[in-house]
Amino acid sequence: QVQLVESGGGLVQAGGSLRLSCASSGRTFSNYAMGWFRQAPGKEREFVASITGIGESLKYADSVKGRFTISRDGAKVTLYLQMNSLKPEDTAIYYCAARPSNFRVYYTGVKDYNYWGQGTQVTVSS
């Protein structure tokens with residue numbers, strides 16, 4: 001069983017930055033594809049960024065491209081989302097997700113992932 005725990009959310013002014021972290025105690029993320037999603041009030045959960053199980057290839061939603069960066073540490077125990085130039089429309093609960101994968105395949109759908117964290121709130125004020 002993979003348990004994911006996000007941290008790093010908070011309140012920030014427009015133009016500011018935050019870094020979200022996602023950790024799973026007791027295991028690494030080797031051979032796991034991982035992603036970040038977000039859900040704003042009254043909206044469906046949407047894809048933000050993903051990293052492939054092997055090869056560390058990255059993919060971003062158009063709305064965050066050039067502002068957000070997904071990465072994981074060398075030991076593959078922590079997933080990050082660096083968020084710069086934040087906008088009020090980035091306000092949402094952010095979730096990390098994981099699924100076993102030995103392929104360089106991007107997964108961008110909610111149903112593609114087996115494991116989810118509890119989410120961390122990001123609020124961007126104008």
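Trainee: Where is the place of N31?

Mentor: N31 sits in the loop between β3 (18–23) and β4. Strands here are DSSP runs of E with at least two residues, and helices are runs of H or I with at least four, both numbered from the N terminus. Please note that this is a predicted model, in which local features need pLDDT of at least 70, side-chain atom pairs count only at pLDDT 80 or more, and totals for chains, interfaces and linings use all residues. Residues are numbered from 1 along each chain as its sequence is written, and side-chain values use heavy atoms, with hydrogens and water left out.

Trainee: What is the phi of N31?

Mentor: Most residues other than glycine have a negative phi. N31 has a positive phi, near 60°, and is not a glycine. E56 likewise has a positive phi, of about 55°, without being a glycine. E56 is placed in the loop between β5 and β6.

Trainee: Does N31 count as buried, partly exposed or exposed, and which of these words applies to E56?

Mentor: Buried means under 20% relative accessible area, exposed means over 50%, and partly exposed lies in between, with a 1.4 Å probe and protein chains only. N31 counts as partly exposed, at 38% relative accessibility. E56 is also partly exposed, at 31%.

Trainee: How many bridges join strand β4 to β5?

Mentor: Two strands pair if DSSP finds at least two bridges between them. Strand β4 (residues 32–39) is joined to β5 by five bridges, and the two run antiparallel. W36, for example, has A49 in β5 as its bridge partner. The hairpin of β4 and β5 has six residues between the strands, and G42 there takes a positive phi near 75°.

Trainee: Which strand do three bridges join to β5?

Mentor: That is strand β6 (residues 58–60), which runs antiparallel to β5. S50 has K59 in β6 as its bridge partner. In the hairpin of β5 and β6, again with six residues between the strands, G55 has a positive phi near 85°.

Trainee: Why is strand β5 described as largely enclosed by the rest of the structure?

Mentor: The reason is burial: five of the six residues of β5 (residues 46–51) are buried, so the strand is largely enclosed by the rest of the structure.

Trainee: Which backbone oxygen does the side chain of T52 reach?

Mentor: A polar contact is a pair of N or O atoms within 3.5 Å; within protein, one must be able to donate a hydrogen and the other to accept it, and residues adjacent in sequence count only if both atoms are side-chain atoms. The side chain of T52 reaches the backbone oxygen of I54 at 2.7 Å. A polar atom of that side chain also lies 3.4 Å from the backbone nitrogen of E56. T52 is in the loop between β5 and β6, and is buried, with a relative accessible area of 0%. Contact means heavy atoms within 4.5 Å. Leaving aside neighbours within four places in sequence, T52 is in contact with residues including Y32, R72 and F103.

Trainee: Which residues form a disulfide?

Mentor: A disulfide is a covalent bond between the sulfur atoms of two cysteines. The rule applied here asks for a pair of cysteine sulfur atoms within 2.5 Å. C22 and C96 form one, with their sulfur atoms 2.0 Å apart. C22 lies in strand β3 and C96 in strand β9 (residues 92–100), so the pair ties together parts that are 74 residues apart in sequence. C22 is buried at 0% relative accessibility, and C96 is buried at 0% as well.
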